[in-house]
Amino acid sequence: MKPLFFNGLALAVGAALLAGCAGTGEGGGKDMMKSGNTAMDNMKRVMMMPEAERMAYMMKVQQTSLEHGKAMFHDPNLGTNGQTCASCHVGGDTSGGKVEMMPGMKLPIPSLLGVAARFPKYKVGNDAVITLPEMNNNCIVMFQKGKPLPLDSREARDLAAYVSTLK
């Protein structure tokens, strides 16, 4: 698959598949599991579009996802304590402080700049190799006192997509 580049973001033809599954409601994109669409149905629908229309559609779906993810990153309602992702990761970087993991154990707040290149990776708290959406859930649960996002949800995908753009 040859990647296509737009504004520094690589898009593979497979992105058309993801776009069709993004659940945005834009251009007919629906969640695969909820709508009964198959991956091949999405691939056919998107790839059969004229090229200019297909590229515009893919960019619109991706942009909608990134905007939604950015809004989530700044949303105090993602958790229950009024904290946002941006509270600790100002502009995607770090506030420079430390966060208490448990009494007597404080860890520095990491930068999220370039974080997509560092996942999947082993995390002690999970005792497993985890993905970026799973790491996002760790922060939502531990630091924002919220509920984890279903990993197959639009919300989990959109938040991870936005966090992945932080450089």
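What follows is a tour of a predicted model, with something to select at each stop.

**Stop one: a helix from end to end.** Select residues 51–73, which form helix H4. Now colour the buried residues of H4: among them are Arg54, Tyr57, Met58, Met59 and Val61.

**Stop two: a crossing.** How do the axes of H4 and H7 cross? To see where they meet, show side chains on both: the H4 residues include Thr64, His68 and Phe73, and the H7 residues include Arg154, Asp158 and Tyr162. Sorted by type, the residues of this contact are seven nonpolar, five polar and four charged.

**Stop three: a hairpin.** Jump to residues 98–102 (strand S3) and 105–108 (strand S4), which pair in the antiparallel sense over four bridges. Click on Val99 and you'll find Leu107 of S4 standing opposite. Two residues sit between the strands, and in this hairpin Gly104 takes a positive phi near 85°.

**Last stop: a glutamine in a loop.** Select Gln144, in the loop between helix H6 (132–142) and H7. Is Gln144 buried or exposed? Its relative accessibility is 3%, under the 20% cut-off, so Gln144 counts as buried. Leaving aside neighbours within four places in sequence, its contacts include Asp75, Leu78, Asn81, Cys85 and Cys139.

Definitions and conventions. Residues numbered from 1 in each chain as written. Predicted model: local features only at pLDDT ≥ 70, side-chain atom pairs only at ≥ 80, totals over all residues. Heavy atoms only, no water. Axes fitted to C-alpha atoms, helices over the stretch in contact; angles between N-to-C directions. Contact = heavy atoms within 4.5 Å. Nonpolar A, V, L, I, M, F, W, Y, C, P; charged D, E, K, R; others polar. Buried < 20%, exposed > 50% of the residue type's maximum accessible area, 1.4 Å probe, protein only. Pairing = 2+ DSSP bridges.
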